[in-house]
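Colleague: Please take me through the structure below, one question at a time.

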Amino acid sequence: MTTVSRGITSGATGLGRSPLPAVPIPGTRSALRMPAAPSFAASGLAAPALRRMPGLAFGRQSLRPLAAAAPAVAAPSAPAVAVPEKAHGFTLQRQQYIKEYGSTMVLYKHDKTGAELISVLNGDENKTFGVVFRTPVSDSTGIPHILEHSVLCGSRKYPIKEPFVELMKSSLNTFLNAFTYPDRTCYPVASTNLQDFYNLVDVYLDAVFHPRCVSDVKVFEQEGWHLEADNKEEPLSFKGVVFNEMKGVYSSPDSLFYRCVQQSLFPDNTYRHDSGGDPEVIPDLTFQAFQQFHAQYYHPSNAKFWFYGDDEPTKRLALLDSFLNEFEARPVDSAVETQKLLHKPRSVTEYYAAGDGEEGEQKAYVGTSWVLSDTPLDVETELALGFLDYLLLGTPAAPLRKALNDSRLGDAVIGGGVDDELKQPCFTLGLKGVDAESRDKVEALILTKLEELAQTGFSASAIEAAVNTIEFSLRENNTGSFPRGLSLMLRAVGAWIYDRDPFTQMQWEDALKSFKAKLSSGSDVFGPLIRRFLLDNPHRVTVALLPDPAKAAATEAKERARLDAVRGAMGEQQVEEVVANTAALKELQETPDPPEALACIPALQLSDIPPTITKVPTATRALADGATLLTHDLFTNDVLYLEAAFDMRPVPSRLLPLVPLFCRSLTQMGTAKESFVELTERIGRKTGGISVYPFTSAVRGKADPIAYVMVRGKAMGGKAADMLELMSDVLLTARLDDRQRFTQMVAETKAGMESGIISGGHGYAAKRLSAQRGLAGWLSETMGGLSYLEFIRGLAKRIESDDGWQAVQADLEAIRTALLQRKGALVNMTADSSTLASAEGAVEAFLGALPAASAGAASCWAQGLLLPRASEALTVPTQVNYVAKGANLYEDAGYQLDGSAYVVEKYLGNTWLWDRVRVVGGAYGGFCQFDSHSGMFQYLSYRDPNLLDTIEAYDGSAEYLRGLDLNKDELTKAIIGTMGDIDSYQLPDAKGYSAMVRHMLGVSDEERQMRREQILATSNKDFKTFADAIECVRGPAGRVVAVTNADKAKAVLDEKPGFWDVKRVL
């Protein structure tokens, strides 16, 4: 349940339960299961996230210029689908074929409770279910968020502590999570295995309607908050998973900015509160209020249900009715009130906790926001706003975004433009890294540029690129690893919960046709939109979030004073009760469910798992001068997905930190014949997106890593030559001399990384550890970790002088000279056979334009570049910690890879680490990861209140594994859960990308099959073997890196002198 903040939508969307994955260590698990291919965002900072618009289910990252000719897919005629008009307590309300998605949508109403169901029928094997409740709030105690965590902690039919965790261990799910929005709570699941899908649905339905948490205060205390003290002399503290999670959220200036925007835009309805919970307010929540909230809102009369995929439609009705038929219809007052538009603009100033050092001097966040309407918009207007949003902000060359970047008023653009996740659409835009004296200039610039664009409009080329971009994305419907059924559910729910027609969210074809006709007629479409919704709209708020170096200490002192006051008001008996409750809760948390209780969770059998790997069709052909062509014959709807990889090893080590910015520069400075704007628009008209980024990974058994610069794109098959011509222009003729644009990219990178280390410190800690042990880890750190941030800070100062800029420009050209060559180049294509055949000539022309060999020698970098082996505390202004500890199992323990390692790794994360770090410790996440290529094994925690206690939990892992004696059913569940990861669902482009990476790493299908057989044969002995291997992490080889605050880092040194080196980051 990862946090997904959509624009100003500040509720804890996706604030939940699955252990957060660490920032990927290159190559992890790629021998068996490849991650989904990266989005088409440029390397470095992605564009601001785009809010959902009709037909789009993901962020602006996927809206990098996407295509001229959208996929030419003839809409299939409506099939004759027979669905029952009445069955299992449901009555048909409406049936319609949705040509845009080749699906029949059926709306049912449950006779007894009034619950509504949308049943989507199609041939997608990735089946999806969801239930959504409207959950508006009247305060910021975080009730819906805590409840979202808690209902999955046992239920009437599944009376164990963590059914959710048991599903994580043993399910083949393709999605398992829950989301809390500002006004609704969603519980979705997905699976390609039919029985597994039914199992997931059953557990989730019992969880939401019959949860243990409403009768067991201990669940509320664990997931929400409680007072804690281990003895009478110890000061009281607040503990709880959500409490600590939201402390992490409130430590992030970016999160605080969006929360302030939402609350300022909506002063009169539920959105003025934080459904995720304000850490200062969460301890006001009582168990009685928690119980009442569930009783009020978690009722079928307040529910919207969703089924999608190729499962039997009548069984859906029977399954739901088996839960609903014990309820009676009743009125539920859960409607979200409309915020009336205000009559004059306002300004709001708030503060965030900033560091007090010179490192990474923190500045203001300034943004201007509007509520666009207080009445529902029709589909065509929503679509038009989406196009306008893209024209204003959708690429770095978009005029409003470019104006903000060029102004030099701040470091990076913030705000995602249009956001329609709430009842009323909003628009937010601004800058972070603004000097306090320039704060008023940001709003003035935005309004001035909007006025100019309302008068002059957009170029025909920009409009054509925007239309083609968005139309391609709508038709391609590429949701990556996110189930398509879930993306459609979230789109429908965005209207459905406000009592609007959910079908219209899917039906964009006619609205698009009408909108394009207006554009073709020459009508001024966008000027009136800018005036109506922005310039002439007085419901405008400008928020300034200013740094306050004293705020962190003041917040901590306020909490301490509250706790001391509570302690002072207690009698001796009350203090003893707190101590006893602390001990009782920990005992409960540390006591596992007995095997006979766990048997209630439905599970598959090993016979349900295919014994052989799924192969991706791959043809390999050697081309001239040492280049290689890989092709994958897969149905892609006439879309060609292409990657061109260039060996990075000829690039001198001193230039490697510049490579990410070099990659961005190739597409963001223009070419010899085109300006930056013209190049961006040509990408939008001719291709499905071009991105450039570095890729590195360790290779098992070798000291030297692989390292490539990847050029990635997609286009219609008939546009292959156009795409490859663009790639050639970008590589060979891209200008690298735009000092202003480069300076802005440096500022954006710096701002993004300084925000990132506060909100995602576990990724920085993990990279720091890996950089001590191998070149692949060092490369990742050098081009994306703390070392890279330090380089960027120095680079920002260096390019201020003319001499410094000239030297950097020369270095950029040196990278290009060293990089570009046919020798060692690899081109990877995924499409159907006819598209592949027609593109091969263009590929040969593309490679033929490159030099046969570069001036650099392909010799790898020296091991002496690695970071010193040391434990470190990286200090930033934060209320929580991110704790990493690791070692190299191959080097430090002599471990020989076996497929069982994947089973043990996942089991350890879902049991011991989940229980000790998250459940007992109160961290939002506690997990481990094993990079089977480098041998690095790491423990990581996320939004963690603890430091040394977490490390102690890590150190107990080996002993825990040694003490296990899993029965047959437990072993089977662990194996099946791992196979769900290994056999993760992939769309065709991801399959081709995965096959390419396996080729790079030298991982054969024979090895994949061997690992699969080892996984399926995992035994208790393998758990003990892996326990012996990870013992080295506890020993002298283990190192710790934590992102924490200065006071906590010092407290550790006071308790354990010399434990780590302290490095101030912010």
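**Cysteines, core and backbone**

Colleague: Is Cys600 buried, partly exposed or exposed?

Modeller: The relative accessibility of Cys600 is 27%. This is a predicted model, in which local features need pLDDT of at least 70 and side-chain atom pairs count only at pLDDT 80 or more, while totals for chains, interfaces and linings use all residues. Residues are numbered from 1 along each chain as its sequence is written, and side-chain values use heavy atoms, leaving out hydrogens and water. Because buried means under 20% relative accessible area, exposed over 50% and partly exposed in between (1.4 Å probe, protein chains only), Cys600 counts as partly exposed.

Colleague: Which side chain makes a polar contact with the side chain of Ser191?

Modeller: Ser191 lies in strand β8, residues 184-191 (strands are DSSP runs of E, at least two residues; helices are runs of H or I, at least four; both are numbered from the N terminus). Ser191 is buried, with a relative accessible area of 0%. A polar contact is a pair of N or O atoms within 3.5 Å; within protein, one must be able to donate a hydrogen and the other to accept it, and residues adjacent in sequence count only if both atoms are side-chain atoms. At 2.9 Å, the partner side chain is that of Asp196.

Colleague: How many residues does the largest nonpolar core have?

Modeller: In soluble globular proteins, nonpolar side chains tend to be buried together. A nonpolar core is a set of buried Ala, Val, Leu, Ile, Met, Phe, Trp, Tyr and Cys residues joined through side-chain atoms within 4.5 Å. Phe129, Tyr187 and Phe305 are among those with the most contacts inside the largest core, whose residue count is 172.

Colleague: In which loop is Asn477 found, and what is its phi?

Modeller: The loop that holds Asn477 runs between α12 (460-476) and α13 (484-496). Asn477 counts as buried, because its relative accessibility is 12%. Although Asn477 is a residue other than glycine, its phi is positive, near 55°.
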